[in-house]
Structures are given as C-alpha cells and as structure tokens.
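Please look over the sequence and the structure shown below before reading on. The report that comes after them is written for a reader who is new to describing proteins.

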Amino acid sequence: MTDRAIKMFDYRAELPGIHDDVLAAVERVLQSGWLILGPEVDRFERSMSESLGGGYSVGVANGTDALTVALLARGIGAGDEVITVANTAVPTANAIRQAGALPVFCDIDPATGLMDLARVPSLIGPRTRAVIPVHLYGNPVNIPELLERSRAHDLFVLEDCAQAQGATLGGKPVGSLGHAASFSFYPTKNLGAYGDGGLCFTRDPLLAAKMGEVRRYGFSKRDYASGPGLNSRLDELHAAILSVKLPLLQASVARRRELAVLYDRLLPAHVERLVATTASEHGRHLYVVRVADRDAVAARLATQGIETGVHYRYPLHQMPAFAAARLPAEGLPHTELHASRILSLPLHPTLDEDAVRAVCAAL
Ligand SMILES: *Cc1c(COP(=O)(O)O)cnc(C)c1O
C-alpha cells in the first residue's frame, strides 16, 4: 500500500525549515559566554508568559521537574496527597512522589479519556492538597469546572500541559486556567527541544518567586537555601533554540488539527474516536482511537509500514512503583478498559495527507 514507512514522529523532517535559525541561536549562546540562567532563558520565559496571556514562567530541566517544582513551591510534600489520573505518562505520578507526596488516582470519563471531574470531590481527604489534571493527547480538561468542584477544599490546581501546548479552552490557552501549569519540551512534544527542557507557569508572583528558588538549590539569596531545592534549570542553549521554535508553534498545532480533521472524516466506523472537550481547540499532540483487538490491529498496520503507539498500555495503579497510591473503592474500571483498547495513529506536523489516507484505508 505504501512504499515508505509512516512514522509516529519525525524530528528531521522539520529541520530544513529552521536549521539556519537554530544554528545562529546556538552560535549566539556560544559567543555570549553565558550558559546558565542568563538572557536567553529570560527571553524565552517572557515569550512563554506572553503566549499564556501574561504571568510568570520559570524554565526548568524537563516536564517532570516542572510539576515537582510547582508542588514544592506550593509547600506540598511528605504526608500530602495529590489527585491525578492513572492513564497518564509515568512522570506525572513520579513528580508527585519526587515532591514526597502520595498520588490518588481518579477514574476517567470514558468519552474523552480525561479525569472524570464529577468523581473528584469524593476523593478529597484530610491530606489532599492538590489536583493535577492532565490535558491528555492535547484535549483540555475543563479547568473552570475543576476549580468550581475543588474550591471549598482550597486545592491547588496544577495543569499538566506536557501534551497540550497550543490548545485552548473557552478561547484561553491551557496553562493559564488553573493556579499553575507545567510544560515539557521533550523532543516529541508540540514544542520540542533537541534534548530535555521544561517550564512552570503561574500568574501568582509569590509562587513564581518560590519556583525560581526551588529550581536553583532552594536559594533565596546567594549560597543560602531557605527551603526545598533541586538543580533543575533550562539551559541557555535550549532556551535560545526554543525561542526560534515558539513563534512557529501555532502553525504547527494548526497543521496537527487539519490532519486530525481528516482522520475524523476518513476513519472507518469500527474505529472509535475520542470526544473533544466542548469549547476547546484541541492541541492534537496524539491522535488516539479505540479499537477491539488492539494489539492485532497494531501488528497488521506494522506489516504495512505504519507505526503506531499505545499511550499508555499500563495504567499507573497497576505498576509496582505506585503500589502505595490511594484508589477509589470501586477501582478504576474506565481507565482499565481504555488502556486495553487505545491505539495512537501517526500524527505530526510534517505528515502528509496521503499518509493519513493510507492509515485510514489500512484500518
Ligand atoms: C512528557 C510528559 C511529562 C514529562 O515530561 P518530561 O519532559 O519527559 O519530563 C509529564 N506529563 C505528561 C502527560 C507527559 O506527556
């Protein structure tokens, strides 16, 4: 059917368009003599804050640390609980553990695959301090509804935007809706670096100042640690490269959306689509469907040169690493069913329409 492989991601395909600007940015940093927490990080942080409608950005080493830094800056740690979902990337829950807190897993709404917000209040206990909603696959969680449902308990709402940069809800960018947000610049993400990078965002200046301390050994002044600290900094080289790529993000997400519309239209009826959140513009980080006999379908597609993925095969509550996590009494039946049927189809900004047609025909 196709004479070349259809890949899940293709970093090299985007390079010709940005190659010279990336090299110029690298050269600028090399010549500047400043490699850590300098003008490039400042500049990129300002652009990110602007893209989120104003606030404070703190560049960190990766998306996992962005969550941990935000939790620690808020004073969350040992003995505290943080509600999230079990159908997310492992790092969401690792970040909770890294802060010293315990994950509590909420089941999902089967239509969207996102945290079922109606179930959140019943999971709140005396030690619950925060909720991390994950905008999974780029589909925004309804944060205003979550704020409403958790307001009485003064929960810290930390948006995990690792998969959703460029998505909006009610016209506002994800990351600007809760109390704080985390972003990842892992190479496959909507805004990818050539290595690791991450960022925390908040509109609260005091919280932002704390985030800045936590990422840098806990220093509140030179060589003086006043609280918990990591070493988790975005470096100047990556900040400079990300400054080249950030202005291209909207066009790149728009291209993802076009391809997703084509999938929506051409996929056969036996392939179940996930529902996008009302009043949202989906970030389309991943195009995920549900099918019966998922592994057999993936194997057949592979024989035709079509790469697929599963995001994610193992729900977190079934992993030894999270054996201590708290679960609802009824378990997580929707999460488990979802994990057994999901299949991620190739979707990236440099994919062409013929590739989408070929995948749909193969399915
Ligand atoms: C990628 C990802 C992270 C972690 O980001 P890293 O930069 O790899 O640490 C966290 N949460 C979700 C949902 C992710 O997809």
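The model is predicted, and local features are described where pLDDT is at least 70, with side-chain atom pairs counted only at pLDDT 80 or more, while totals for chains, interfaces and linings use all residues. Residues are numbered from 1 along each chain as its sequence is written, and side-chain values use heavy atoms, with hydrogens and water left out.

**Strands**

Helices (H or I, at least four residues) and strands (E, at least two) are DSSP runs numbered from the N terminus, and two strands are said to pair if DSSP finds at least two bridges between them. The pairings are set out in this table.

| Strands | Sense | Bridges |
|---|---|---|
| β2 (residues 81-85) and β4 (residues 128-131) | parallel | 3 bridges |
| β4 and β5 (residues 156-160) | parallel | 2 bridges |
| β1 (residues 56-60) and β9 | antiparallel | 5 bridges |
| β8 and β9 | antiparallel | 5 bridges |

Val131 in β4 is the bridge partner of Ile83, and Val131 also stands opposite Val157 in β5. Strand β4, helix α6 (residues 143-150) and β5 together form a right-handed β-α-β unit, where right-handed means that, with the strands pointing away from the viewer, the path from the first strand over the helix to the second runs clockwise.

In β9, Cys200 stands opposite Val58 and is also the bridge partner of Ser182. Strand β9 is mostly covered, since 5 of its 5 residues are buried, where buried means under 20% relative accessible area, exposed means over 50%, and partly exposed lies in between (1.4 Å probe, protein chains only).

**Core and rings**

A nonpolar core is a set of buried Ala, Val, Leu, Ile, Met, Phe, Trp, Tyr and Cys residues joined through side-chain atoms within 4.5 Å. The largest such core has 50 residues, and those touching the most other members are Phe44, Met48, Ile83, Met115, Val120, Phe183 and Phe185.

Rings of Phe, Tyr and Trp (its six-membered ring) pair if their centres lie within 6.5 Å, and planes under 30 degrees apart count as stacked, over 60 as edge-to-face and the rest as tilted. By this rule there are 4 aromatic pairs. The ring centres of Phe44 and Phe185 are 5.5 Å apart and their planes stand at 75 degrees, so this pair is edge-to-face. Because Phe44 lies in helix α2 (residues 39-51) and Phe185 in the loop between β8 (180-184) and β9 (198-202), the pair ties together parts that are 141 residues apart in sequence. Phe44 is buried at a relative accessible area of 0%, and Phe185 is likewise buried at 0%.

The rings of Tyr263 and Tyr287 have centres 4.6 Å apart and planes at 25 degrees, so they are stacked. Since Tyr263 belongs to helix α9 (residues 249-266) and Tyr287 to strand β14 (residues 287-290), this pair ties together parts that are 24 residues apart in sequence.

**A loop residue**

Where does Asn142 lie? Asn142 is found in the loop between β4 and α6, and it is partly exposed, with a relative accessible area of 28%. Its C-alpha atom is separated by 8.5 Å from that of Thr278, although the two residues are 136 residues apart along the chain.
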